[in-house]
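Colleague: I have a new model open on my screen and would like to talk it through with you. Could we start with the charged pairs and then move on to the pockets and the core?

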Amino acid sequence: MTLTTPGTWLADRAVLRIGGTDARDFLQGLVTHDLALLAPDRPLWAALLTPQGKALFDFILWADGSDVLIDGEVDAIGAIVKRLTLYRLRRAVTIAREDTGVHWSAEGTQGLPDPRLPELGRRWLAPPGEPATGWREHRLRLGIVEGRAELGDGQTLWLECNATELNGVSFTKGCYVGQENTARMHYRSTVNRRLVVVPADAAGPRTRLLHADLGLAVEHRRVDDLGDTLRPAWLAVALAGDPA
């Protein structure tokens with residue numbers, strides 16, 4: 001009997017390399033996490049925000065020597081390049097698409113734990129291979145949202161995307177685009193709405209994205225009106241401290 005190795009390649013992800021002598025300083029002034037914490041054994045989940053603190057792109061950052069690799073959704077890579085190029089000006093920074101792929105497994109020892117939540121599984125970069133199955137449902141069942149379609153493409157404040165609870169923001173690193181409003185929300189404890197995952201067979205007035213094949217939807221709800229929201233352990237802890 002021949003055993004089939006499950007696929008691990010996330011075909012909806014792509015990788016950018018940010019290189020040059022100014023690469024880390026460049027990103028430090030743009031993204032929500034602290035590049036000083038980025039290490040070969042510690043990827044970071046971060047985002048590029050609007051000046052008002054709303055999420056444009058989320059991604060995972062990987063250290064590769066002095067370079068930084070951005071693991072982002074493939075359909076947004078061109079837009080991410082355009083945004084980074086806008087900010088680059090005359091800095092010694094290069095931005096290039098990599099041929100490598102993003103891989104995921106719900107179990108095993110390969111790669112590193114997802115920086116958002118260990119229960120998401122393990123992640124690594126390697127040449128593309130057999131596509132993975134089950135990632136999207138696994139992620140959503142854990143209440144994790146990602147990508148422009150779910151986050152809202154500049155519509156949702158980053159802390160409403162559960163960035164604090166899922167390790168997607170630093171409140172000590174200093175200035176970055178959108179930092180002022182993000183910090184104000186944090187220190188005033190004014191996260192009154194959240195992106196959540198709910199059981200759903202059809203889109204409703206609060207639906208951000210319906211995953212009809214899974215019977216799940218991402219919705220933007222007030223924290224005092226969460227109803228049938230899926231409540232994994234990390235979210236239950238967050239909600240216990242949210243204002244009513």
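Modeller: Happy to. A salt bridge here is a side-chain nitrogen of Lys or Arg within 4 Å of a carboxyl oxygen of Asp or Glu. Please keep in mind that this is a predicted model.

Colleague: Is Glu 146 buried or exposed?

Modeller: Buried means under 20% relative accessible area. Arg 13 has 6% relative accessibility, so Arg 13 passes as buried. Glu 146 has 9%, so Glu 146 also counts as buried.

Colleague: Which other residue forms a salt bridge with Glu 146?

Modeller: Another salt bridge to Glu 146 has an N to O distance of 3.6 Å. Arg 13, Glu 146 and Arg 139 belong to a network of salt bridges that also includes Asp 71, Asp 114, Arg 116, Arg 123 and Glu 150. The partner at 3.6 Å is Arg 139.

Colleague: What is the N to O distance between Asp 64 and Arg 17?

Modeller: Their side chains meet in a salt bridge, at 2.8 Å. This pair links distant parts of the chain, with Asp 64 in strand β3 (residues 55–64) and Arg 17 in strand β1, 47 residues apart. Asp 64 is partly exposed, at a relative accessible area of 35%. To end on the distance you asked for, that is 2.8 Å.

Colleague: Which element gives the most residues to the lining of the largest pocket?

Modeller: The largest pocket holds about 360 Å³ of space. Its lining has 21 residues, and those closest to the centre are Asp 12, Trp 135, Arg 136, Arg 139 and Glu 146. Two or more lining residues come from each of α3, α4 and β10 (207–211). With four residues, the element that gives the most is α4.

Colleague: How many residues in the lining of the second largest pocket are charged?

Modeller: The second largest pocket has a volume of about 210 Å³. Its 13 lining residues include Pro 6, Gly 7, Thr 8, Trp 104 and Ser 105, which lie nearest its centre. The lining divides into five nonpolar, seven polar and, for the charged class, one.

Colleague: How far apart in space are Leu 38 and Val 68, C-alpha to C-alpha?

Modeller: Leu 38 is in the loop between α1 (23–28) and β2, and at 5% relative accessibility it counts as buried. Beyond its neighbours within four places in sequence, Leu 38 has contacts that include Leu 61, Trp 62 and Val 68. Leu 38 and Val 68 are 30 residues apart in sequence, and their C-alpha to C-alpha distance is 8.8 Å.

Technical notes
Residues are numbered from 1 along each chain as its sequence is written. This is a predicted model: local features need pLDDT of at least 70, side-chain atom pairs count only at pLDDT 80 or more; totals for chains, interfaces and linings use all residues. Side-chain values use heavy atoms; hydrogens and water are left out. Buried means under 20% relative accessible area, exposed over 50%, partly exposed in between (1.4 Å probe, protein chains only). On a 1 Å grid over the protein atoms alone, a cavity is a set of points where a 1.4 Å probe fits but cannot get out, and a pocket is an open set with protein on both sides within 12 Å along at least five of seven lines; lining residues have an atom within 4 Å of a point. Grid points are joined across faces, edges and corners, and a volume is the space filled by probe spheres set on the points. Ala, Val, Leu, Ile, Met, Phe, Trp, Tyr, Cys and Pro count as nonpolar, Asp, Glu, Lys and Arg as charged, and the others, Gly among them, as polar. Contact means heavy atoms within 4.5 Å.
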